[in-house]
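I am opening a notebook page for a chain that is new to me. My plan is to look up its overall build and then a few parts of it.

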Amino acid sequence: MSWQSVIGQQRVKDLLARMVGSGRVPSALLFEGPEGVGKDAAAIELAKVLNCERGGTEACGECSSCIQAAALQHPNIQLVFPLPRGENETKDDGALAKLDEKTVRKVREEIHLKSLDPYHKISIPKAQVIKISSIREVIREDSLSLYQHGRRVIIIMRAEEAGIESANAILKVLEEPTPGTVFILTTSRRSSLLSTIISRCQPLRFDLLTESEVTEALVTRYNLDPSDAALKARLSGGSYIKAVDLIETDTLEVRDQALDVLREIAVGNYSQMAGRASRMLESRDPQKVETLLRMLQIWLRDVAIVHNGARDSVINRDKIDVLEKMEKSFNAASTVAASASVDTALSQLDANVNLGLLFVNLLLTLSGLLNKKSEAQHV
Ligand SMILES: [Zn+2]
């Protein structure tokens, strides 16, 4: 598979390959960037490259080291991630020692799924923090002799979920690096890390993926129809994991929902809007809200395109009659400003925001911008 297993991120891949080629891979790297853009995938690939028996800047994928690494069963490669606490577990217990059989099985299953797809997000019920015992185990094994050849690579995923004790333990090993060992911390919330940890790592910024990168990945990896894949890529906002989550989502249904929202705005139906906002609040599902907002943007973009007379480049081609009606009933010149206000709402979604309030504020703003009647009131 080599670096191709990592979608897009060419700048990062080139940089990592150059580090390997020059023999200057730092002892601690911080892969930071939005969720679902390939930080773990790149970390796993780098671990493979550093252990490939054929050397070079790419993993051959065929040697016994590459095969073990691909299965995430390589003695030199270790994954650390949040785990639940077992009953009566103390700090001196091993990370898995007090977990029940079912949970341990789940941990193994999740690692297996991660080996099949490095974009798989490891998720274990009740896992909240990176336990100090997980860090201690890694350090302890670190002091044992190295396996055959290659470099030991310790990947700490979702590093921001290390509690203060674990974070201090991580800091300690970063301050006294063992020759030959590489730590890779991945995070989508850099600001939640200790600044002392950040300063010990060489940071590498991962960007959002482009729509075409996500589309291509959905088509080749999941056999999606290209136009369906393109729509899902657009709704994902550049996160491959979000796009994969949307595979099961009926995008046509979301499209209708977004259209309903715009119709309510067009006729100034405030009670409908309020009802919708309260349902959003009840759902407590930022992902659902995000998808709906991105779909609203697609509609707004299409209305703007129809308004500018370039009907051929609309996304909702099968709904051209609806778009023409919207263009007439809306204050179409304001669609760009309307889209910008959706952008603002999207940027606020990550914070611990009140979804219902966010949504109702957005609807009022959109209504003010798009509703011809409300414009008449201002005059
Ligand atoms: Zn190899």
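Entry one, the whole chain. I note before anything else that I am working with a predicted model. I looked up the extent of the chain and found that its C-alpha atoms fill a box of roughly 75 × 45 × 40 Å along the principal axes. The secondary structure comes to 17 helices and five strands, and of the 379 residues in the chain, 37% are buried.

Entry two, domains and contacts. The domain assignment gives domain 1 as residues 2-207 and domain 2 as residues 249-378, and I find the C-alpha centres of domain 1 and domain 2 to lie 41 Å apart. Counting contacts between residues at least 6 apart in sequence, I see that 73% of them join residues at least 24 apart.

I checked the length of helix α2, residues 39-51, against expectation: at 1.5 Å a residue its 13 residues should span 18 Å, and the end C-alpha atoms are 19 Å apart, which agrees. I also looked up its burial, and because 13 of the 13 residues of α2 are buried, I record this helix as largely enclosed by the rest of the structure.

I located Arg255 in helix α11, which covers residues 251-267.

Note on methods: Residues numbered from 1 in each chain as written. Predicted model: local features only at pLDDT ≥ 70, side-chain atom pairs only at ≥ 80, totals over all residues. Helix = DSSP H or I, 4+ residues; strand = E, 2+ residues; numbered from the N terminus. Expected span 1.5 Å × (residues − 1). Buried ≥ 20, exposed ≤ 12 C-beta atoms within 10 Å, placed from the backbone. Domains from an automatic or database assignment. Contact = placed C-beta atoms within 7 Å.
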